Amino acid sequence: MEESLRTYKVVTYGCQMNVHDSERLSGLLEEAGYAKAADDGEPDLVVFNTCAVRENADNKLYGNLGRLAPAKQANRGMQIAVGGCLAQKDRETIVRKAPWVDVVFGTHNIGHLPALLERAAIERTAQVEILDSLETFPSTLPTRRESAYAAWVAISVGCNNTCTFCIVPALRGKEEDRRPGDILAEVEALVAEGVVEVTLLGQNVNAYGSDLGDRQAFSKLLRACGEIDGLERVRFTSPHPKDFTDDVIAAMAETPNVMHQLHMPLQSGSDTVLRAMRRSYRQERFLGIIEKVRAAMPDAAISTDIIVGFPGETDEDFEQTLHVVREARFANAFTFQYSKRPGTPAAEMENQIPKAVVQERYDRLIALQEEISWEENKKQVGRKLEILVAEGEGKKDDRTDRLSGRAPDNRLVHFTRPEGGVRPGDVVTVEITYAAPHHLLAEGPALGVRRTRAGDAWEKRQAAPAKAAGVMLGLPSIGVPAPLPAAPGGCG
């Protein structure tokens, strides 16, 4: 009788880079002979890909590890691995607090996971391996993509910035860029498999080229993506205002498949706070970029990250943030209340803001941004948009008999299910009839349906036989590429 495959589940926290790293981890495990556990299955291996930037990241990890302890006790063959930024930071602490963990690995050696698991099983002791510099660029590792139609493509790793609220550079290292030819070869291979949308990914994506000695490397890369036949949508995240140059704006405006969508982290509108954050731009520079983007692309949807209550932030400082929000008119904003991150300079700063003050400012910011988001979305009513049909983005779709997808500017659109049926990855043309602050609605019949190679790829994937089943553990898992909030200032 053939021995059944060992199954795995990857649990991911944090930024887009972690989601993409989890696709690499999944690919490595499948190449090593593991099979992905069914959604309702109990895996033989659970891998936590952690984040050190999110609030209470360690509490969440240790809580999940604690819930797994009885399962590990009942199944001696089960293994647990912890990787990512928190593992890079805490190292031996994880095994001390959760001695039932088998492997701890960092951000620089994800390719070692299968070997570390095997060694842990043979030696019956926890394996802790943390490297302080990148050994192999993650793109050279096998990948299990979570989406048939959209994909992350890492163009760089690491970050050269020194923002005082962020620990990412210490954990991910200095920026290292991939060769343009390697990036484009990966994109072309993805398109050949049916992918129609790629998101170029980096901790500071538009600084791409600093490691190559070419300040215009990023704009050249965007234009080169425009030459790839069959690639319909190109996005990127997250850029940094200090590196956002006019040649990038021109490339966005002049390359048809580069979407008119931009996520540009503000963090604060106050020059004083930006200086304390060690952000090397000021309010005037930020608004100047927004003005240039809108001049070149009047239809551009711009989103941002904002931190409220950074140490020393005064009422006047906060008013400056509100001023920028009013001027920039962001389509949406990911807003965060500042909280201390151990190991960052900001955690040691004086004048930490009382929680009640931070909450009051946060509520005012949310109210203002909701009002602006709704006003901006109302401008979409009556427009005819091409929607890339998504999988799992509409939580109420089954109940409302609708489908959901993304407009070219990345706005979420719910639309009436076409009579002929469509698949994730197909493109539906609709007319927007209603706007809410966080989504658009197309209540009439579809104006057109275009079946795509991406839809074919999704259908082929669905037809593949399931490999595993079992008992549900109730853990989160990785998802398809979608707009994730950047960690609070951690990227960009």
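Trainee: Is G425 buried or exposed in this structure?

Mentor: The model is a predicted one. A residue counts as buried when its relative accessible area is under 20%. G425 has a relative accessible area of 0%, so it is buried.

Trainee: Where is G425 found, and with which residues is it in contact?

Mentor: G425 belongs to the loop between β17 (412-416) and β18. Leaving aside neighbours within four places in sequence, its contacts are Y149, L388, V389, T452, A454 and G455. For V389, 36 residues apart from G425 along the chain, the C-alpha atoms of the two are separated by 5.4 Å.

Trainee: Which strands pair with β4?

Mentor: Strand β3 (residues 45-50) runs parallel to β4 and is joined to it by 6 bridges; within this pairing, G84 of β4 is the bridge partner of T50. Strand β5 (residues 103-105) also pairs with β4 in the parallel sense, over 2 bridges. There, V104 in β5 is the bridge partner of V82.

Trainee: Let us turn to the nonpolar core. Which residues have the most contacts inside the largest one?

Mentor: In soluble globular proteins, nonpolar side chains tend to be buried together. Here the largest nonpolar core has 65 residues, and L200, L222 and F244 have the most contacts inside it. Another core, of 24 residues, lies apart from it and includes A71, L86, A98 and I130.

Trainee: What does L222 touch?

Mentor: Not counting residues up to four places away in sequence, L222 touches L200, V234, F236, V248, A251, M252, T255 and V258.

Trainee: How many salt bridges are there, and which parts does the pair of K384 and E431 tie together?

Mentor: The reading rests on a nitrogen-to-oxygen distance within 4 Å. The count comes to 22 salt bridges. In the one between K384 and E431, the closest N and O atoms are 3.9 Å apart. K384 lies in strand β15 (residues 384-389) and E431 in strand β18 (residues 427-431), so the pair ties together parts that are 47 residues apart in sequence. K384 is exposed, at 55% relative accessible area, whereas E431 is partly exposed, at 34%.

Trainee: Finally, where does D271 lie, and what does it touch?

Mentor: D271 lies in helix α10 (residues 271-277) and is partly exposed, with a relative accessible area of 32%. Residues up to four places away in sequence aside, D271 touches R282 and Q283. A polar atom of the D271 side chain lies 2.8 Å from the backbone nitrogen of Q283. The C-alpha atoms of D271 and Q283 are separated by 6.2 Å, with the two residues 12 apart along the chain.

Note on methods. Residues are numbered from 1 along each chain as its sequence is written. This is a predicted model: local features need pLDDT of at least 70, side-chain atom pairs count only at pLDDT 80 or more; totals for chains, interfaces and linings use all residues. Side-chain values use heavy atoms; hydrogens and water are left out. A nonpolar core is a set of buried Ala, Val, Leu, Ile, Met, Phe, Trp, Tyr and Cys residues joined through side-chain atoms within 4.5 Å. Buried means under 20% relative accessible area, exposed over 50%, partly exposed in between (1.4 Å probe, protein chains only). Contact means heavy atoms within 4.5 Å. Helices (H or I, at least four residues) and strands (E, at least two) are DSSP runs, numbered from the N terminus. A polar contact is a pair of N or O atoms within 3.5 Å; within protein, one must be able to donate a hydrogen and the other to accept it, and residues adjacent in sequence count only if both atoms are side-chain atoms. A salt bridge is a side-chain nitrogen of Lys or Arg within 4 Å of a carboxyl oxygen of Asp or Glu. Two strands pair if DSSP finds at least two bridges between them.
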